[in-house]
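The following note sets out points for a colleague who is reading the model alongside its sequence. The points move from the arrangement of the chains to individual elements.

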2 protein chains.
Amino acid sequence: MRLEIVALSTLPEVRRGDDLALLIRQAAADEGQLIDSSVVLAVAQKIVSKAEGAVVDLREIQVSALARSWASEWTKDERLIELIFAHSRRIVKMDRGVLIAETATGLVCANAGVDQSNVQGVDFATVLPSDPDASARLLRAGLGCGAVIITDSFGRPWREGLVDVAIGVAGFDPLDDHRGRTDRHGRQLASTIIAVADQLAAAAGLLMPKAGGCPAVLIRGFPLRPAEGSARSLQRKPEQDLFR
Amino acid sequence: MRLEIVALSTLPEVRRGDDLALLIRQAAADEGQLIDSSVVLAVAQKIVSKAEGAVVDLREIQVSALARSWASEWTKDERLIELIFAHSRRIVKMDRGVLIAETATGLVCANAGVDQSNVQGVDFATVLPSDPDASARLLRAGLGCGAVIITDSFGRPWREGLVDVAIGVAGFDPLDDHRGRTDRHGRQLASTIIAVADQLAAAAGLLMPKAGGCPAVLIRGFPLRPAEGSARSLQRKPEQDLFR
């Protein structure tokens with residue numbers, strides 16, 4: 001098995017209302033990259049949010065007492081803290097200046113996905129796309145590729161550094177369930193479910209420098225098993241979550 | 001940027017005492033794959049443990065009362081539970097049949113890395129290599145590649161499915177620290193440290209089916225910045241760990 005992973009390097013700065021599929025198709029054409037049904041396209045959340053207008057003007061935010069007090073204690077922008085609260089349905093951890101929240105769509109991540117990197121101006125921040133699976137489906141339909149992954153960079157408990165994960169998918173099952181299959185010695189694989197969408201996102205992340213510029217990556221050679229797919233399958237159910 | 005990721009498919013079953021570098025060099029030669037200083041080699045922990053003899057005969061284990069009671073409550077092999085305890089320096093979570101432990105080298109993972117998949121016979125289990133960075137350095141010296149990553153499949157809080165991570169590295173810094181660099185809009189990237197070794201491990205994991213057979217993967221095209229490197233950099237320090 002052999003994978004080829006290529007970053008598109010000629011995407012323009014994405015603005016509200018842009019047709020992202022069109023921009024990606026043009027960049028791919030300019031770079032001589034064919035997009036067909038064998039391709040997995042990984043796209044950074046940031047440009048999806050920008051195209052969808054999921055950019056918030058912080059000057060319009062009414063700051064609550066809790067946001068003000070936390071921001072003051074940890075020298076943060078109180079408007080950003082309020083925006084994080086507004087995009088959280090549950091605070092998982094709020095400690096030592098770190099805010100880990102569960103978003104409306106069930107993602108658990110730092111700052112509920114609110115972010116200012118690669119956004120123009122100190123008064124603006126992006127929030128996550130409201131339905132990342134739908135964003136992925138739209139891109140897939142517009143490009144005719146095999147699968148689409150919307151990626152974001154998440155921290156992890158116990159481990160340093162961010163890794164990219166899949167927050168939206170279309171065209172395949174983000175989990176590869178090996179249960180019932182046997183290993184080389186005939187032993188049943190008891191509990192082996194692989195988060196292939198997260199592994200694909202991490203692979204694509206290697207080609208998306210955080211300083212920006214290559215937010216769309218093509219992955220070729222991955223044996224896709226077509227399915228509708230939803231990144232919600234990657235979210236652990238509350239009753240099985242030991243770290244709520 | 002463009003990455004090529006290739007799995008070696010002709011590695012033989014690895015046994016205690018095998019020279020893993022030699023086996024990998026032979027498989028690469030047979031498959032026409034050049035290994036040079038531009039290559040990152042990812043190797044599954046399982047074959048490193050086998051080569052190093054980190055395989056335990058469960059029949060020799062003295063089972064404690066705690067291991068017996070937990071195994072009985074959750075229908076597990078009490079010898080395996082005892083082996084997990086023996087390879088733990090701290091139990092992080094012990095709930096609903098799940099055992100998450102911190103190993104002697106500071107990794108936090110399910111079952112302290114003790115595993116029976118792809119091991120011959122119900123009476124045997126592998127444990128993690130005693131010094132995975134040293135294992136990686138040895139392979140790197142033996143193969144002359146740019147970097148080596150020893151990978152293992154870990155679960156994650158909040159998310160379903162396993163992803164491969166780096167438990168040992170040689171030849172590069174597993175963290176890529178963007179702090180102080182600026183984004184496209186001139187904004188300083190405040191807290192962006194990327195766990196590149198884990199992203200490389202996840203990418204390689206896409207080519208390592210859990211049923212076994214392709215435990216060595218070559219990654220070409222990754223812009224390595226040479227350094228000694230240690231996977232311990234990926235372990236969050238206790239004082240910064242919100243999930244101890």
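**Note on the two-chain model**

1. Chain A is superposed on chain B by a rotation of 180° with 0.0 Å of shift along its axis, and the RMSD is 0.0 Å. The two copies are thus related as by a two-fold rotation axis. The model is a predicted one, and the points below should be read accordingly.

2. The contact between the chains takes 61 residues from chain A and 61 residues from chain B. On the side of chain A that touches chain B, at least two residues each are supplied by β1 (2-7), β4, β9 (159-170), β11 (193-194) and α6 (196-205) of chain A. The largest share, seven residues, comes from α6(A). By class, this side of chain A has 29 nonpolar, 15 polar and 17 charged residues. Of the interface residues of chain A, 100% are also interface residues in chain B, so the copies meet through the same surface.

3. Strand pairing also crosses between the chains. β1(A) pairs with strand β1 (residues 2-7) of chain B in the antiparallel sense, over five bridges. Within this pairing, Leu3(B) in β1(B) stands opposite Ile5(A).

4. Strand β8 (residues 147-156) of chain A deserves attention. Nine of its 10 residues are buried, and the strand is mostly covered. Strand β2 (residues 39-44) of chain A runs parallel to β8(A), and five bridges join the two; Val43(A) has Ile150(A) in β8(A) as its bridge partner. With β9(A), by contrast, β8(A) pairs in the antiparallel sense, over eight bridges. Here Val163(A) in β9(A) stands opposite Phe154(A).

5. The largest nonpolar core contains 157 residues. Those that touch the most other members are Ile149(A), Leu200(A), Ile219(A), Ile149(B), Leu200(B) and Ile219(B). For Ile149(B), leaving aside its neighbours within four places in sequence, the contacts are Val40(B), Ala42(B), Ala136(B), Ala166(B), Val169(B), Ala197(B), Leu200(B) and Ala201(B). In soluble globular proteins, nonpolar side chains tend to be buried together.

6. Which residues of helix α4 (residues 78-86) of chain A are buried? They are Arg79(A), Leu80(A), Ile81(A), Glu82(A), Leu83(A) and Ile84(A). The reader may note that charged residues are included in this list, namely Arg79(A) and Glu82(A). The buried residues of α4(A) pack against one helix, α3 (65-74), and against the strands β3 (55-57), β4 (88-95), β5 (98-103) and β7 (124-126) of chain A.

7. In chain B, three strands form an open sheet in the order β4-β5-β6, with antiparallel pairing. β4 (88-95) and β6 (108-110) of chain B stand at the edges, each with a single partner strand, so one side of each is left without a neighbour in the sheet. From one strand to the next, the twist averages 25°. β4(B) and strand β5 (residues 98-103) of chain B run antiparallel and are joined by six bridges. Ile100(B) in β5(B) is the bridge partner of Lys93(B).

Conventions
Residues numbered from 1 in each chain as written. Chains lettered and ligands numbered in written order. Predicted model: local features only at pLDDT ≥ 70, side-chain atom pairs only at ≥ 80, totals over all residues. Buried ≥ 20, exposed ≤ 12 C-beta atoms within 10 Å, placed from the backbone. Helix = DSSP H or I, 4+ residues; strand = E, 2+ residues; numbered from the N terminus. Contact = placed C-beta atoms within 7 Å. Least-squares fit on C-alpha atoms with pLDDT ≥ 70 in both. Pairing = 2+ DSSP bridges. Axes fitted to C-alpha atoms, helices over the stretch in contact; angles between N-to-C directions. Core = buried A, V, L, I, M, F, W, Y, C linked by C-beta atoms within 7 Å.
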